[in-house]
Amino acid sequence: MPDELLERLGRLKRERNAVILGHNYQRAEVQDASDFTGDSLGLSRQAAKTDADVILFCGVHFMAETAAIVCPDKTVVVPDPNAGCPMANMATPRELEAVKAEHPGATVVCYVNSSAEVKALSDLCCTSANAVAVLESIPADRTVLFVPDRSLGAWAAKQTGRQVILWPGYCPTHHRIRPEHVAGARREHPDAEVVVHPECLADVIALADHVASTSGMLTYCAASPASAFIIGTETGMLHPLQKQCPDKRFYPASPLADCPNMKLNTIEKMVWALEDLRHRVVVPADVADRARGAIERMLEIG
Ligand code: CIZ
Ligand code: SF4
């Protein structure tokens, strides 16, 4: 990366009093240029406590929206307005309203990978790091409607023994990881532990030694006595894992698991975003107020 661009980014960051948040799935150089890296929950917590006036959010659209909901008084900008999440787009507010009408007593739990409007129609939000705890917090006699990720919903339902109505959404990137990829990687690296994300196919989860969110993967791999790991999630995750444990080896379960949306953000676009203070992510106040309720109820669960 040319030093000149990174210098410009640093200068603009000071001029704008900006903080740069970078998701674990970003390009390595984008993560390295961020002030904080992590999962969407960790980054929202950083957003909530920052003194900065501007948040440059390097991730996908719903994550920047979550930051805008948590900090309504800050300017939130993204490097590329086309970086959306196809899974989040699989649940629209109109569809959710229709399904809610079919299940009037149901508690609606939305995965954080959803639009602000879908969050505003939900009772509780969750991430992959706390989906099990969120389900356990709901009285056992309640029906739960889980949107939009059917893989995470089914996995969390199994962990908790709860009956859950699943939405037919999924992550195209995680579903590109096939059981035969995992089996092949195991043959190639027989000493490695297989750690996969709950957005993966059930047949892939069944082959894993451990299932975790990205923050959970960092904790697990640091503590495990194993020295090699096959990682079943978006390939950007290999960077923070390798950075945290330079003496351990990390292999992708499948080289096909990269998210083209996550990879749209580049250092150049980050410079432009701070230069022009665009592309701004704004959530209308009434939507943000209702969505904040679902997010705060999740944060209370921990
Ligand atoms: O919550 C997040 O940041 C996502 C999308 C994945 C994860 O497990 O951290
Ligand atoms: Fe969405 Fe999957 Fe890309 Fe994450 S990795 S932004 S869930 S499409």
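Predicted model: local features only at pLDDT ≥ 70, side-chain atom pairs only at ≥ 80, totals over all residues.
Trainee: Is strand E3 mostly covered or mostly uncovered?
Mentor: Strands (E, at least two residues) and helices (H or I, at least four) are DSSP runs, numbered from the N terminus. Buried means under 20% relative accessible area, exposed over 50%, partly exposed in between (1.4 Å probe, protein chains only). In E3 (residues 54-58), 5 of 5 residues are buried. The strand is mostly covered.

Trainee: Which residues of E3 point the other way from Val54, Leu56 and Cys58?
Mentor: Val54, Leu56 and Cys58 point one way from E3, and they are buried. The residues pointing the other way are buried as well. They are Ile55 and Phe57.

Trainee: How many residues are in the largest nonpolar core?
Mentor: A nonpolar core is a set of buried Ala, Val, Leu, Ile, Met, Phe, Trp, Tyr and Cys residues joined through side-chain atoms within 4.5 Å. Ile55, Phe57, Leu96, Val109, Ile231, Leu241 and Phe250 touch the most other members of the largest one. Its residue count is 92.

Trainee: How many residues are in the second, separate core?
Mentor: Leu12, Cys58, Val77 and Met270 are included in that second core. It is separate, and its residue count is 16.

Trainee: Which residues does Phe250 touch?
Mentor: Contact means heavy atoms within 4.5 Å. Residues up to four places away in sequence are not counted. The contacts are Cys221, Phe229, Ile231, Leu238, Leu241, Gln242 and Cys245.

Trainee: Is Leu9 buried or exposed?
Mentor: Leu9 is found in helix H1 (residues 3-16). Leaving out residues up to four places away in sequence, Leu9 touches Ile20, Ala33, Met270, Val271 and Leu274. Its relative accessible area is 4%, so Leu9 is buried.

Trainee: At what angle do the axes of H4 and H14 cross?
Mentor: Axes are lines fitted to C-alpha atoms, for helices over the stretch in contact, and angles run from 0 to 180 degrees between N-to-C directions. The axes of H4 (residues 61-70) and H14 (residues 285-301) come within 9 Å. The angle is roughly 100°.

Trainee: Which residues in H14 meet H4?
Mentor: H4 contributes Thr66, Ile69 and Val70. The contact divides into 5 nonpolar, 1 polar and 1 charged residue. From H14 come Ala288, Ala291, Arg292 and Ile295.

Trainee: Which strands are at the edges of the open sheet of 4 strands?
Mentor: The order is E6-E5-E7-E8, with parallel pairing. Neighbouring strands are turned by 30° against each other on average, direction ignored. An edge strand pairs on one side only; these are E6 (124-126) and E8 (164-166).

Trainee: Which strands does helix H8 touch?
Mentor: H8 (residues 150-160) packs on the sheet. Its direction makes about 165° with that of E8. Helix H5 (residues 93-102) lies across E5 and E7, at about 165° to E7. The strands touched by H8 are E5, E7 and E8.

Trainee: What is omega for the cis peptide bond between Val147 and Pro148?
Mentor: Pro148 sits in the loop between E7 and H8. A cis bond also joins Arg278 and His279, with omega about 10°. For Val147 and Pro148, omega is about -20°.

Trainee: What is the phi of Asn17?
Mentor: Asn17 lies in the loop between H1 and E1. At a relative accessible area of 34%, Asn17 is partly exposed. Although Asn17 is not a glycine, its phi is positive, about 50°.

How values were computed: Residues numbered from 1 in each chain as written. Chains lettered and ligands numbered in written order. Heavy atoms only, no water. Nonpolar A, V, L, I, M, F, W, Y, C, P; charged D, E, K, R; others polar. Pairing = 2+ DSSP bridges.
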